[in-house]
Amino acid sequence: MHTYGTARVNQSGHLEVGGVDVISLANKYGTPLYIYDVALIRERARGFKETFEKLGVSAQVAYASKAFSAIGMIQLVEEEGLSLDVVSGGELYTALKANFPAERIHFHGNNKSKEELIMAIESGIGCVVVDNFYELHMLQSLCEQQGKVMNILLRVTPGVEAHTHDYITTGQEDSKFGFDLNNGQAEEAMQIALKMTAIKLLGVHCHIGSQIFETTGFTLAARKIIEKLAEWKERYQFESDVLNLGGGFGIRYTEEDDPLEPWQYVEEIIKEVQDQTATYSMSMPEIWIEPGRSLVGDAGITLYQTGSEKHVPKVRKYIAIDGGMNDNIRPALYEAKYEAVLANRVNDPVEETVSIAGKCCESGDMLIWDLPLPKAESGDILAVFCTGAYGYSMANNYNRIPRPPVVFVENGNVDLIIKRESYEDIIKLDLPLTRTMSHK
Ligand code: LLP
């Protein structure tokens with residue numbers, strides 16, 4: 001078993017996380033159950049922050065809350081002194097309800113509504129990352145109406161796209177996000193923003209992709225942006241105070257994955273920004289990053305109980321669990337791979353290779369193909385690792401299955417931060433017909 005954070009096998013041969021036997025958690029809270037190793041989240045948060053501090057670079061590390069947003073999670077982010085990236089009114093609402101300091105909230109999105117922008121202005125958030133001309137003008141007029149000034153970054157697409165080990169550079173980026181850096185749109189947006197009275201342009205933002213294992217994509221994006229900023233400085237005397245290079249730092253889901261440590265990404269990014277700004281005699285901007293997956297991904301474990309089995313002779317054995325694409329849609333959506341163990345007997349020898357099926361009425365609801373396991377019996381507890389990012393946040397009620405609860409564990413303590421949904425919750429928004437439909 002590859003171990004993450006505080007996960008270990010205890011004397012009863014059970015998986016233990018944060019000093020808590022996960023089988024006791026399954027007994028108390030039922031399954032499926034999401035568990036977060038809080039110490040590991042803190043370690044990751046500090047890893048990012050301390051690298052900037054050590055190198056004396058002003059920075060903001062903003063947790064991309066789309067990876068997992070809940071009031072308890074946001075409170076933890078605040079405890080660690082990070083900033084916060086939200087992408088919708090719902091994520092902003094959650095942050096505000098968690099009393100997260102508004103001035104450290106950054107608001108993203110390619111189609112923010114008027115209501116969302118008003119919410120952002122009224123709550124006094126730190127920065128809106130403006131994605132397009134429509135939003136830029138709407139934000140200016142809403143701020144004017146309210147007599148307020150909003151800090152913004154312009155989201156630009158530098159023509160670098162990265163995914164795991166591959167990155168590609170394109171002349172003109174075909175993306176729904178942001179202002180293109182190469183075709184003049186970013187420059188036009190900058191000029192417009194500089195003239196706006198209710199807008200304060202702090203700098204630029206880019207996000208090149210997710211689950212990235214190399215630094216080349218980030219450094220190339222930084223280089224392209226700084227080249228452009230140097231032109232803008234020359235022509236318009238505009239100096240960018242902030243350079244936000246987004247998130248996307250990869251994590252290890254299976255042994256095929258070989259990510260860098262958080263500090264390695266940060267060090268390379270800093271070095272490139274320092275080199276490039278020195279080349280163009282520009283002052284060093286504040287560097288902002290937005291890790292989501294790399295802060296919470298490997299801190300999350302999902303527990304399931306095994307149920308029915310199906311043997312297809314000479315082909316495979318399916319073992320079904322009590323969750324699936326409801327609580328983790330990533331295998332169905334992205335063919336994402338995970339590792340798992342039987343949490344109630346981790347030390348038992350591996351005896352067979354099985355495939356783990358979800359319980360939704362859909363053939364594509366397969367959680368893990370070809371997983372080596374001890375001989376599983378119904379009632380065993382399967383622990384799937386690295387489910388902390390984009391698991392709960394993409395969970396759904398397909399087949400009207402209630403969403404599982406979430407617990408935080410740390411130093412032997414357990415905090416239930418999201419309750420299990422009930423059947424009552426499932427129907428709580430439904431309304432009965434108000435008229436009788438009579439068809440003869
Ligand atoms: N900043 C921006 C502007 C983003 O769009 C994203 C992710 C992040 C930061 C955080 O990226 P991270 O550090 O988590 O890679 N649902 C997909 C991932 C979608 C990521 C979208 N944007 C998945 O489950 O793999």
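Predicted model: local features only at pLDDT ≥ 70, side-chain atom pairs only at ≥ 80, totals over all residues.
Residues are numbered from 1 along each chain as its sequence is written.

Helix α8 covers residues 216-236, and its axis lies 9 Å from that of α9, at an angle of about 25 degrees. Helices (H or I, at least four residues) and strands (E, at least two) are DSSP runs numbered from the N terminus, and the axes are lines fitted to C-alpha atoms, for helices over the stretch in contact, with angles that run from 0 to 180 degrees between N-to-C directions. The two helices α8 and α9 are therefore roughly parallel to each other, where angles under 35 degrees count as roughly parallel, over 145 as roughly antiparallel, 65 to 115 as roughly perpendicular and the rest as oblique. On the α8 side the contact is made by Phe218, Thr219, Ala222, Arg223 and Ile226, and on the α9 side by residues including Tyr265, Ile269, Val273 and Thr277; two residues are in contact if their C-beta atoms, placed from the backbone, lie within 7 Å. By class, this contact of α8 with α9 holds 6 nonpolar, 3 polar and 3 charged residues, with Ala, Val, Leu, Ile, Met, Phe, Trp, Tyr, Cys and Pro counted as nonpolar, Asp, Glu, Lys and Arg as charged, and the others, Gly among them, as polar.

Helix α9 (residues 262-279) also meets α2 (residues 38-54), the axes coming within 9 Å and crossing at roughly 25 degrees. Here too the crossing is right-handed, and it joins Arg44, Gly47, Phe48, Thr51 and Phe52 of α2 to Pro262, Trp263, Val266 and Glu267 of α9. The contact of α2 with α9 has 5 nonpolar, 2 polar and 2 charged residues.

Another pair is formed by α4 (residues 89-97) and α5 (residues 114-123), whose axes come within 10 Å and cross at roughly 25 degrees. The crossing of α4 and α5 is left-handed, and its contact draws on Gly89, Leu92 and Leu96 of α4 and on Glu115, Glu116, Met119, Ala120 and Ser123 of α5.

| Pair | Axes | Angle |
|---|---|---|
| α8 and α9 | 9 Å apart | about 25 degrees |
| α2 and α9 | within 9 Å | roughly 25 degrees |
| α4 and α5 | within 10 Å | roughly 25 degrees |

On the scale of the chain, the domain assignment gives domain 1 (8-37 + 297-426) and domain 2 (108-291), with bounds that come from an automatic or database domain assignment. The C-alpha centres of domain 1 and domain 2 lie 36 Å apart, and the contact takes 7 residues from domain 1 and 4 residues from domain 2. On the side of domain 1 that touches domain 2, there are 3 nonpolar, 1 polar and 3 charged residues.

The ligand lies between domain 1 and domain 2, because both give residues to the shell around it. This shell has 19 residues, and the closest are Ala64, Ser210, Gly247, Gly292 and Tyr390, a residue being near a molecule or strand if its C-beta atom, placed from the backbone, lies within 6 Å of it. Helices α10 (293-296) and α11 (330-334) each supply at least two residues of the shell, which divides into 7 nonpolar, 8 polar and 4 charged residues.

Tyrosine 390 has a positive phi of about 60 degrees although it is not a glycine, and tyrosine 390 is found in the loop between β22 (381-385) and β23 (406-410). Elsewhere, a cis peptide bond with omega of about -10 degrees joins threonine 31 and proline 32, and proline 32 sits in the loop between α1 (22-29) and β4 (33-37).

Terms used:
Left-handed = near helix turned anticlockwise from the far one by under 90°.
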